[in-house]
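Please look at the sequence and the structure shown below before reading on. The report then goes through a few places in turn.

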Amino acid sequence: MTSELDIFVGNTTLIDEDVYRLWLDGYSVGDAVALRVRSGILEQTGATAAVLQSDTMDHYRTFHMLERLLHAPPKLLHQLIYQIPPSRQALLIERYYAFDEAFVREVLGKKLSKGTKKDLDDISTKTGITLKSCRRQFDNFKRVFKVVEEMRGSLVDNIQQHFLLSDRLARDYAAIVFFANNRFETGKKKLQYLSFGDFAFCAELMIQNWTLGAVDSQVDDMDMDLDKEFLQDLKELKVLVADKDLLDLHKSLVCTALRGKLGVFSEMEANFKNLSRGLVNVATKLTHNKDVRDLFVDLVEKFVEPCRSDHWPLSDVRLFLNQYSASVHSLDGFRNLPKAVRPHLAAPPPLPQRVSPCGHQRGCHKT
Amino acid sequence: MPGKLKVKIVAGRHLPVMDRASDLTDAFVEVKFGNTTFKTDVYPKSLNPQWNSEWFKFEVDDEDLQDEPLQITVLDHDTYSANDAIGKVYIDIDPLLYSEAATVISGWFPIYDTIHGIRGEINVVVKVDLFNDLNRFRQSSCGVKFFCTTSIPKCYRAVIIHGFVEELVVNEDPEYQWIDRIRTPRASNEARQRLISLMSGELQRKIGLKVLEMRGNAVVGYLQCFDLEGESGLVVRAIGTACTLDKLSSPAAFLPACNSPSKEMKEIPFNEDPNPNTHSSGPSTPLKNQTYSFSPSKSYSRQSSSSDTDLSLTPKTAPYPQGPRIYLCPSSPSLSCGSLHLKKSCLLLSESSLPPHHSSLVSPVLRKSVSFSEELFLAASGMGSGSAGKEGGPFKALLRQQTQSALEQREFPFFTLTAFPPGFLVHVGGVVSARSVKLLDRIHNPDEPETRDAWWAEIRQEIKSHAKALGCHAVVGYSESTSICEEVCILSASGTAAVLNPRFLQDGTVEGCLEQRLEENLPAGCGFCHIPYDELNMPFPAHLTYCYNCRKQKVPDVLFTTIDLPTDATVIGKGCLIQARLCRLKKKAQAEANATAISNLLPFMEYEVHTQLMNKLKLKGMNALFGLRIQITVGENMLMGLASATGVYLAALPTPGGIQIAGKTPNDGSYEQHISHMQKKINDTIAKNKELYEINPPEISEEIIGSPIPEPRQRSRLLRSQSESSDEVTELDLSHGKKDAFVLEIDDTDAMEDVHSLLTDVPPPSGFYSCNTEIMPGINNWTSEIQMFTSVRVIRLSSLNLTNQALNKNFNDLCENLLKSLYFKLRSMIPCCLCHVNFTVSLPEDELIQVTVTAVAITFDKNQALQTTKAHVEKSLQRASTDNEELLQFPLELCSDSLPSHPFPPAKAVTVEKTSPMGEGNFRNRSAAPCANSTVGVVKMTPLSFIPGAKITKYLGIINMFFIRETTSLREEGGVSGFLHAFIAEVFAMVRAHVAALGGNAVVSYIMKQCVFMENPNKNQAQCLINVSGDAVVFARESELEVVSTQQPAANCQPACTGGEVTT
């Protein structure tokens, strides 16, 4: 006796959260059943393995049919075929677009192309995430990217509107899209200690302060591409290290302000020129695409690592950077900054979440 | 009398990409009704076209309005080649044809294609202007309301229940026409869908005409079925119960009917067959058809129950002239016929005064045929009515005879209802059923479906005579079904023989006085259990005892019925679903040989199914079955029997005896040990079940009851062969003689298996209950969460070593596993009850068994003990019963001096207040739908006639839809499971969309009547046909009702928003 056909269709579509998770994680029906058995569900409910198998198959089929709609979440809301309560719809969408930290770190900043997709096997092996799940996550990134790529308006809003994601998840996707668009290198060994959250934090501030959207909210791609004019303007920062007097003045301003406030004051004082040079060099090179991509690598090399070797505490880094950028304003020649740079400066100084280069970076650019 | 149909095409959305190059579609719409077609403009390059068309107007006959569906086709414009069809929407405009239902159909409909399924949605507005409003009931049957619900719909009151209506139409099946060889599967499917839609429209109109002839205005319990007879054609048939319904808010409408009783007398055409020769086989087929029943007429008496003698009331003289007069006014066709009836009714009156022995004397002669018996009676007593009237026999008997003769005028005194107004059902005799095996032949003249009509007429006669044998004049809970395999067809009909109270069957003038007395004397909660037949002259051997409730009248030891549990029945504990499952192998054969083989197998199957049911019932410690439905399915090489019913413990019936096992070889020690072990297991199970279902009847001292003490009887063995005392081959003695304890004799492995299988039925996990009736006895604190579902399973039997046992086991496992799966899936709803569990078995191919289940899971509140919930429950109960009274109360009753005490269960007893706590004004604005903030309005679906925690405020019309889905890429669509899963989901979606477009928010009495699935995996093909029906309604949550009254203006505009309108 074999079951040829076995289905259950409810007027309200039944969604089992646990099975949904297993499905999203890319487990086969067999594996999912095994995992469910291990969870002790048979003992709790007195069901048999056959029942569990049938139930799992059924849910998998339902999810498979829903997947098409999940690709365009507003469709899920308007479709008539599956009657799903709104709260469940939200859950379906949110979970479908959720991603694994380990996975996103692997593809963050990579071009979302077929080539990258081919590498998913390796990522799967490396991260222990099933290939199926990797594909779903990758396709989600790519789909969101494609949809919002050429759109006007705020990136986060666009994502939220077209994918009905929660605010938090929409922000994460904005970061992913932003990184993919600018192809920031995040995979180098040096950067491995940074979490996705760290990058997302940087992305948010960069979108706020460095993109076209920061200046003008009515341009295409406004939150995706860096403002070229701004990057050009950054070249003018070169004077901060090129002009000996200015450098000294800057240093003295910073040191005066921070004296007694920094635990690593002497190290800072000794290293000021190197640090400043590092930061300014990173900033001035950003007109080249190649250097944009290496932004995070450079920042870590030129700024984070020196600080770290001197055992700067985080609070000191923050104080230093704040003071570093604030002092610039009192320097001659920086009182009349080009217009484009103004808004960037207007933003409050970023607070790094960890000893992360991003935070610092923004500080320095503001200057 | 013409009408004007107006259609507007508003917009489309989510259309499929039809042009690969642009990834867009150039869509336009064709609107077709009858032979007229309109087109919208092409809306270029969009997947969300906004046509916003003008109003397309069709001027048509109302006959066409009833028959034809509105057909909307969405196409993709193609400049160079033929336009591609995207899909179609069929809209049944019938709900717009009667004033109380919907006034406009407006909303998003899924665009359906038989090959691709749902492809986007279209927004349509449909209106109908009927001219000549006053005259519109004359020529067509527009205005007759149809309900699938098998009880009086919630917001109506039954003025008169007229009786049985049936009709069938036949046609050639387009799938089998020669043209099908050259047309595409799509064209063929669409032709079929359209034809069936047309045929069901026609059928409904014809039934409507019959109802109008009977002076009714509605059909309740309307059941329409399709028989796909293959080569020989397509039959669409329907049965229902004609009623005169009165909307509750307008009680005045009743009065005219009252004042003109003479008109009402014509309600039934006197078309009774003067010579209903029930036992002759159908002339159309060479086949000898076998019909037989559960409760065969072993010896029957026309004498209506003599047990009513305690009820001797002196009748008022007024009703007397009334009684005969009703039958004296025949409609024109034949005066002689009318007089015959006069005589008959007189005779019946007089008969009651005859001593009982007289009737028992005649009864043996009567057995031969019904028609004969009537003639005999006429010959025996040619008295006039006057004397009979003056004699003044027992009042109730008279009453019954009135009814009886009223019913006997009808060709078939059948009622498709399963739940009745209080007091309607007087006694229940038992299940009557008849089956007949027929060979299908081509229907040569579709306009004259005589053969099929004759077949059904035969079966109905059979049922009628069985009911008579049980001393009953009517059959309630009546249904018909077929099972077809190749050219063999089994026709089945079953129902419950019953004695009815006449007050609903004719006009109300007599009732004022009659009713009152009757009700005073009706014992609450047990009356229907009392036997309707003569105790001394029982139609079958049964063990009678005095009713455990009133102790005055006799009751049988078990009671099987096809109806729902009457609301006033006193039940102890909870009920449960009981199923008997059975397979029988059969040799493959052709035509007549096949039919004969099936005919020969049928009695044995019925018998075994019955035995199984009885055993399982005893095992559960219960004594009555409700909602019994036995389905016999015929396949190429086997027959399947599946009986489902809800077992309960009726307080009025005696405690069931246990089951005893007897060994065949008593000397063998180890064998005996084994037997005693089994016996212990059975006893344990019974004890466990009693605990599980909370069956603890009060102890009753023995002497009152009579002799329920088990006497050791020699003959108390299961009769495995046909009863020898039965002289007709087709009759079976299924009552197992008089015995208190059931004895199973284990004499072979077969029997052993049976006992084992008895014990393998696992009870549902704790927190779950299941039943196949509307509600679960013993649970009444429902909460509002409901989940209707359909589950389908197909198993393939290994063709090797197919034995009856292996088959039985497979089938049993299939059903049990299916139930287990359901319990598991719905575990989040615990505590809950699966209600109206409806199993359907079909045998699509040699080794395939398909089981389809539709049911609804309803949650209930476990903490009955909590004071708050109790109060709430009582409140809702009270409300429910108040509603009931409003539904059922007669104005006449209201003005009678003493209030009749309704036989409500104690919990409900406090409902004397006639005025509803909610004023009339409240009733009007219930259309407020709980349309949550989601974009698509929620539409609930349920096979029940009500929605827990809510009140149905309006019936919008019947939903009757037929879909075909076919695929040539089965693997790509996820195999058979993926294909069918998607299709059923689509069917649900289309039903919901239609309901929403009518302005409704739920479908009640939903039923999936057919789900025919065929596959050909080798060709990567599959096809499925689904037929569903139900009643579209508007409901409002009880909690919202109070709010609504304060927000009337807001509520008024609500319905428009429920039409699935998108708010974003």
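At what angle do the axes of helix α1 (residues 17-24) of chain A and helix α4 (residues 49-70) of chain A cross?

## Basis of the report

This is a predicted model, in which local features need pLDDT of at least 70 and side-chain atom pairs count only at pLDDT 80 or more, while totals for chains, interfaces and linings use all residues. Residues are numbered from 1 along each chain as its sequence is written, chains are lettered from A and ligands numbered from 1 in the order in which they are written, and side-chain values use heavy atoms, with hydrogens and water left out.

## Two helices of chain A

The axes of α1(A) and α4(A) cross at roughly 65° and come within 10 Å; such axes are lines fitted to C-alpha atoms, for helices over the stretch in contact, with angles running from 0 to 180 degrees between N-to-C directions. The helices themselves are DSSP runs (H or I, at least four residues), as strands are (E, at least two), numbered from the N terminus. Because angles of 65 to 115 degrees count as roughly perpendicular (under 35 is roughly parallel, over 145 roughly antiparallel, and the rest oblique), α1(A) and α4(A) are roughly perpendicular to each other.

On the side of α1(A), the contact (heavy atoms within 4.5 Å) is made by A:Val19, A:Tyr20, A:Leu22 and A:Trp23. The residues of α4(A) that take part include A:Tyr60, A:Phe63 and A:Glu67.

## A sheet in chain B

In chain B, 3 strands form an open sheet in the order β13-β15-β14, with antiparallel pairing; two strands pair if DSSP finds at least two bridges between them. The edge strands, each pairing on one side only, are β13 (425-439) and β14 (474-485) of chain B. Neighbouring strands of this sheet are turned by 10° against each other on average, direction ignored.

β14(B) pairs with β15 (residues 488-500) of chain B over 10 bridges in the antiparallel sense, and B:Ser481 stands opposite B:Ser492 in β15(B). Helix α11 (residues 450-469) of chain B packs on the sheet, where α11 touches β13, β14 and β15 of chain B. Helix α13 (residues 591-619) of chain B also packs on the sheet, touching β13 and β15 of chain B.

## Two buried loop residues

B:Asn637 is found in the loop between β20 (624-634) and β21 (638-650) of chain B. B:Asn637 is buried, with a relative accessible area of 13%, because buried means under 20% (exposed is over 50%, partly exposed in between, with a 1.4 Å probe and protein chains only).

B:His530, in the loop between α12 (511-521) and β16 (545-546) of chain B, is buried with a relative accessible area of 1%.
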